[in-house]
Amino acid sequence: MRAPRPGASVSFADPDESALKAGVFWLVEDFRRAISAYVRHGGDPGLGSVVSLAKVRCRKTLLKAVDGEQHLLLSGRHRVVQIRCIGADIRVEPFVLEPVVDQFPDVEHPQRLIRRLADLYRNRLIGGPQGGWTVEAMRHRDALIAVDLRRRHWLFQDIARFIHGDEFVDEEWTNPNATLKNRTTRAYKRGRRYINGDYRKLLR
């Protein structure tokens, strides 16, 4: 029996690696972390931005399919995003990248992915340079705090004090634009939506 020629076997991801580390590509229709983007040459920016992969300090993997379609996988900083690149060859730098929302009217999920792509491109740490909470994580945290304390019959002002501290609330609670009041109310409503099933969106 002849030994198989090199490369004849199907490549599999390392089963000991997590999905964030495995350098594998997924079918766009099956992968919730895939977005689409138009790519043009650097001299024609249009509505996009001129970018260079050489400046991206994360793991970069490029797949060019038989039909010419390009897929770029960026991973790092505990994030991963796959980009379906339509148009010019992204190996010719710099190029123009124009992310698109191709799941309309479901715009929230693509927006989160585009934000993740931007964080990877800028090499932004989760929680900023000193670590800690991201803006999105703080919104989830505040929502859970607000709904929990409201169940204990706390006033919204007291909830705001628990989240933001006395000094900040003393300065902002009576502001005519009611920014802090509205922010606290939105946090509570967001928490209610999580309880009623919206938490499933966080699992995608």
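Predicted model: local features only at pLDDT ≥ 70, side-chain atom pairs only at ≥ 80, totals over all residues.
Arg-190 is buried yet takes part in no salt bridge, since the nearest side chain of opposite charge, that of Asp-142, is 6.6 Å away, whereas a salt bridge needs the charged atoms to be within 4 Å.

**The buried arginine**

- Arg-190 belongs to helix α5, which covers residues 179-195.
- When its neighbours within four places in sequence are left aside, Arg-190 is in contact with Arg-139 and Ala-143.

**The sheet**

- The model contains an open sheet of 6 strands, arranged in the order β2-β6-β1-β5-β4-β3, and the pairing in this sheet is mixed.
- The edges are taken by β2 (49-51) and β3 (59-64), each of which has a single partner strand, so one side of each is left without a neighbour in the sheet.
- On average, and with direction ignored, neighbouring strands of this sheet are turned by 35° against each other.
- Strands of a sheet pair through backbone hydrogen bonds, and they can do this in either a parallel or an antiparallel way.
- The parallel sense is seen where β1 pairs with β5 over 6 bridges, and in this part of the sheet Ala-34 stands opposite Gln-82 in β5.
- The antiparallel sense is seen where β4 pairs with β5 over 7 bridges, and Leu-72 has Ile-83 in β5 as its bridge partner.

**The helix across the sheet**

- Helix α1 lies across β1, β2, β4, β5 and β6, and it runs at about 100° to β5.

**The nonpolar cores**

- The largest nonpolar core has 19 residues, and those with the most contacts inside it are Val-39, Leu-72, Leu-74, Ile-83, Phe-95, Leu-97 and Leu-117.
- At least two residues of this core come from each of β1 (34-41), β4 (70-76), β5 (79-87), β6 (95-100) and α1 (108-121).
- Leu-72 and Ile-83, which are bridge partners in the sheet, are both among the residues with the most contacts inside this core.
- Leu-74, with its neighbours within four places in sequence left aside, is in contact with a list of residues that includes Arg-79, Val-80, Val-81, Ile-83, Leu-117 and Leu-120.

Terms used: Residues numbered from 1 in each chain as written. Heavy atoms only, no water. Helix = DSSP H or I, 4+ residues; strand = E, 2+ residues; numbered from the N terminus. Buried < 20%, exposed > 50% of the residue type's maximum accessible area, 1.4 Å probe, protein only. Lys, Arg positive; Asp, Glu negative; His and termini not counted. Contact = heavy atoms within 4.5 Å. Core = buried A, V, L, I, M, F, W, Y, C linked by side-chain atoms within 4.5 Å. Pairing = 2+ DSSP bridges. Axes fitted to C-alpha atoms, helices over the stretch in contact; angles between N-to-C directions.
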